[in-house]
Structures are given as C-alpha cells and as structure tokens.
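Here's a quick set of questions and answers to read with the model open next to you. Take them in order, or skip to the part you care about.

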Amino acid sequence: MSETCDILISGGGIAGLCAAAAFGHAGFRVICVDPAPPVTERDVDGSDLRTTAFLQPAQELLEACGLWARLDNHAAPLQVMRIVDAGGDAAEPRIVKDFDAADISGKPFGWNLPNWLLRREMVARLAELDSVDFRPGTGTDSLFTREAEARVGLSDGSRVRARLVVAADGRNSPMRQAAGIGVHTMRYGQKALAFAVTHPIAHDNVSTEIHRSGGPFTLVPLPDWQGRPSSAVVWMERGPRAMELLALEPAEFEAAMTERSCGLFGPLTLASRRTLWPIISQSADRLSGERLALIAEAAHVVPPIGAQGLNMSLRDLRCLLDLAVARPGGLGDRQMLDAYHDARIRDVKLRVKGIDLLNRASMAEARPLRDARAMGLNALYSLAPVRRTLMQMGLGVR
Ligand SMILES: Cc1cc2nc3c(=O)[nH]c(=O)nc-3n(C[C@H](O)[C@H](O)[C@H](O)COP(=O)(O)OP(=O)(O)OC[C@H]3O[C@@H](n4cnc5c(N)ncnc54)[C@H](O)[C@@H]3O)c2cc1C
C-alpha cells in the first residue's frame, strides 16, 4: 500500500524545510524526507556554521509562511555592503566602496542568520503545521512518474504517491538524476572556509567583501557573541591554500585571517570551528520534469558571493508557490511545471553566469587583472544609476 500526499519534498536542507513550511502553511498536504537528520545546535560535530543573509524578498516569503516571527530576534540587519579591493602589493585596502540600502529603500538589504539556528526554528515551525509530515532519517530512493502522479520509493521501503515532487535534495540531487535531467558544471579548484569570529571594532551592520586573490574574504554581521562584536566569515581560496589554512594552529590562523582582512576590524579571534566547503557553479538543463520541480541547489549552485544562493532558491519557491495557489487543481501538471521553468530559467542562468564572472575576477592572481578589477569597481560605482540598478538586481527586485 502506498500513502498519498499533495507534495513530496525530497530534501530537508534549508531550502526543503522552507518549502515544507510554505506549502504546508498554504494548506497543501506535504511529506518532507531527508536521510540526514538536521543538526540544530552550534557547537556539535556536523553543525552547519555557515550563515545565510536573507535579502528583502526572501524575508517577505519567510514572514508570509510564519517563519520570520521565530527568526527576527536572532537576525543581524545588513545596512551597508562594502566592497574593498586590496589587490595591490601590500594587504591593505586601495579602493573602498559602500552600497547603502538607504539609497534604494527604507529597509536594510537583508538579515543574517546562522544555518544551524535556521534548521532549529524551521523544524519547530513544521511541528506546528498539521499539514506537514517531516521525516528525518528517511530518503528518496526511486522516482516513477505518470501524467497524473509521481510514485516515489523511500529508503524505509515505503512508497508515496504525490501530485508534485519538489527536488530540494542538493547539488547531486537523486530526484534530478532519476528524472534524467542533466547539469552544466564549472569547477574552480577553490574551497571556502566558513566560521565565526569576534573583533574589537564594531561592524555597524556593514557586510564587508575584501578582494585580493584566490577569491573574496567576506565578513557578514552577526549579533554580539559573548559580549563582543561578531561576524560570520567566508574565506575563499584555491583548494591547497584552503587546506593549509584549515590545518593551521588557531593562533597562526588568527594572524593569517587578520592580515587577509586588512586589519579592518582589528585582530580577529576565532569563535567557532572552521568548516570547509567545495566551490562550483552548476545549473540544471531544465527546472522541471514530469510531476517534478527542481529548486535550490538541485537546480543551481553558485559560489557564495553577494548572498545569492539561498535567495535564488527562495525565488524558485515563491514562483512555485504562487503557481500552486493560483490553480490548486493543476498542482504538478504540465502547464504548471512548464510555467515554472519558463518563469525562472532566465534569472537562474543570468545569475549563475554573473556570479561566475565575479568569482573569476576575485580569484585573479596576475597584477594587471587585479588592477583591471579595481578600475571596473571604480567605474561601476561612479555611475549612480548603474549603482542603484546593481543593488536592485542583487536584491532580486529587478
Ligand atoms: C560557504 C557558503 C556560504 C553561503 N552563504 C550564503 C548566503 O549568505 N546567502 C545565501 O543565500 N546563500 C548562501 N550560500 C548558499 C546556501 O548555503 C545554499 O544555497 C543552501 O545551503 C543550499 O541549500 P539546499 O537546501 O539546496 O541544499 P543542501 O543544504 O545541500 O540540502 C540538501 C538536502 O538534501 C538531502 N538529501 C540528499 N539526498 C537525499 C535523498 N535521497 N532524499 C532526501 N533528501 C536527500 C541532504 O541530506 C540535504 O539535507 C552559501 C554557500 C556556501 C558554500
């Protein structure tokens, strides 16, 4: 015997949990499965020490599905995005440009939250929704579709029949592979270190991205940690250098990161474990198949620049949700899924390409390329309408 539901979500990462809350809140019967139970504490093995900067449109979606009320108190606002070019001979700023959210709206650009805390609050929200059945410890194994429904085999041997399968099962998405949808992948030989720091100089709600070589070094504001100003750091470097940094003793690592940060916040102190993430760009050839929608990293992966990854994922979710609510009787049918693909594919391809270019510019080792990057930043910044358009595009409102 197989169970039935409206929507089977494969994957309970942040995107999958969010999708479960959004569809459940809208009244659909949802089953969400993930073989890896979420880690919901900061200082334990396996916790995700990355943070997510939710940009304005993402925050509106979280609010609409009852999640924001749980997150608001833990969020650090991002008022200014500061881009620093430190590509000269010495590790010091040579160009500093501020993009202030006040130039385009009365709200901050976004709000930063730790991923482990997001998982904790999202799982708690799902427990409040009768319409959602979250099953950590169980994964999807197989997918068989017909025009009228999908049949999904689960790792506990059971089967679920659903009108729509949402693949939120990550960059190697088993559901995408089962549907035979290909991907285009670009590799950089680059990894990101993600961790938290404290520092003597306040961040004043400024997110700072420092470019030198190997990739950006980004400090994103967090609420104070143990009474000291704190930031989340994403430090991108070529793979071997990232491995060396990971292996350094804490005192040596702190000296290296303070130098890489150009000392902008004073001496940096490590305030968490260091975690390592491989960096790629990837986009799926199609965002939908029969009875299947791909969202988040199952659909697109980008290097962590400009806080685009999960924010693109929530734009996928917003689009899918609007289509489902507008015509509930057509949930998961071809008309809905073609409309989803058509509505999202251009934005996805544009952002994957744009972030790929920004990452390659940030990785530049050769001095002439680093100088060209600095000139490009200066030129873009000096034109006020271009600057405003870039800020709006970054937010995803254009
Ligand atoms: C260092 C770093 C910093 C980042 N910072 C930001 C940021 O500030 N803002 C932003 O918007 N984005 C950011 N991102 C991107 C963001 O973290 C990702 O987009 C997001 O975590 C991906 O979420 P996901 O749910 O798609 O994938 P994942 O987190 O990979 O989740 C996929 C889930 O699917 C599950 N799964 C696998 N197989 C199965 C199966 N057979 N059945 C069911 N489930 C399965 C996995 O267990 C996993 O839990 C960052 C990324 C990195 C690397």
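**Loops, ligand and core**

G137 counts as partly exposed because its relative accessibility is 43%, where partly exposed sits between buried (under 20% relative accessible area) and exposed (over 50%), with a 1.4 Å probe and protein chains only. Keep in mind that this is a predicted model, where local features need pLDDT of at least 70, side-chain atom pairs count only at pLDDT 80 or more, and totals for chains, interfaces and linings use all residues. Residues are numbered from 1 along each chain as its sequence is written, and side-chain values use heavy atoms, with hydrogens and water left out.

Q: Where in the chain does G137 lie?
A: Its C-alpha is 9.0 Å from that of D156, 19 residues apart along the chain. Strands here are DSSP runs of E with at least two residues, helices are H or I runs of at least four, and both are numbered from the N terminus. G137 lies in the loop between strand 8 (132-136) and strand 9 (140-145).

Q: Is R291 buried or exposed?
A: R291 is in the loop between strand 18 (288-289) and strand 19 (292-294). It has a positive phi of about 60 degrees although it's not a glycine. Because its relative accessibility is 8%, R291 counts as buried.

Q: What is the relative accessibility of N205?
A: N205 is in the loop between strand 12 (183-198) and strand 13 (206-211), and it has a positive phi of about 60 degrees without being a glycine. N205 counts as partly exposed because its relative accessibility is 28%.

Q: Which side chain makes a polar contact with the side chain of D371?
A: D371 is in helix 10 (residues 367-382), and it is partly exposed because its relative accessible area is 28%. A polar contact is a pair of N or O atoms within 3.5 Å; within protein, one must be able to donate a hydrogen and the other to accept it, and residues adjacent in sequence count only if both atoms are side-chain atoms. At 2.8 Å, the partner of D371 is R94.

Q: How far is an oxygen atom of the ligand from a polar backbone atom of L310?
A: Backbone N or O atoms of other residues also lie by ligand oxygens: the one of T51 is at 3.4 Å, and the one of A53 is at 3.1 Å. For L310, the distance is 2.6 Å.

Q: How much of the ligand's accessible area does the protein cover?
A: Areas come from the Shrake-Rupley method with a 1.4 Å probe, and for residues only the protein chains shown count as cover. Of the 1,000 Å² that the ligand has on its own, the protein covers 86%.

Q: Which residues come nearest to the ligand?
A: A residue is near a molecule if one of its heavy atoms lies within 4 Å of it. There are 29 residues around the ligand, and those that come nearest are D34, T140, E297, L310 and N311.

Q: Which residues touch the most other members of the largest nonpolar core?
A: A nonpolar core is a set of buried Ala, Val, Leu, Ile, Met, Phe, Trp, Tyr and Cys residues joined through side-chain atoms within 4.5 Å. The largest one has 79 residues, and the members that touch the most others are I7, I9, F23 and L62.

Q: Which helix gives the largest share of this core?
A: In soluble globular proteins, nonpolar side chains tend to be buried together. With 9 residues, the largest share of this core comes from helix 1.
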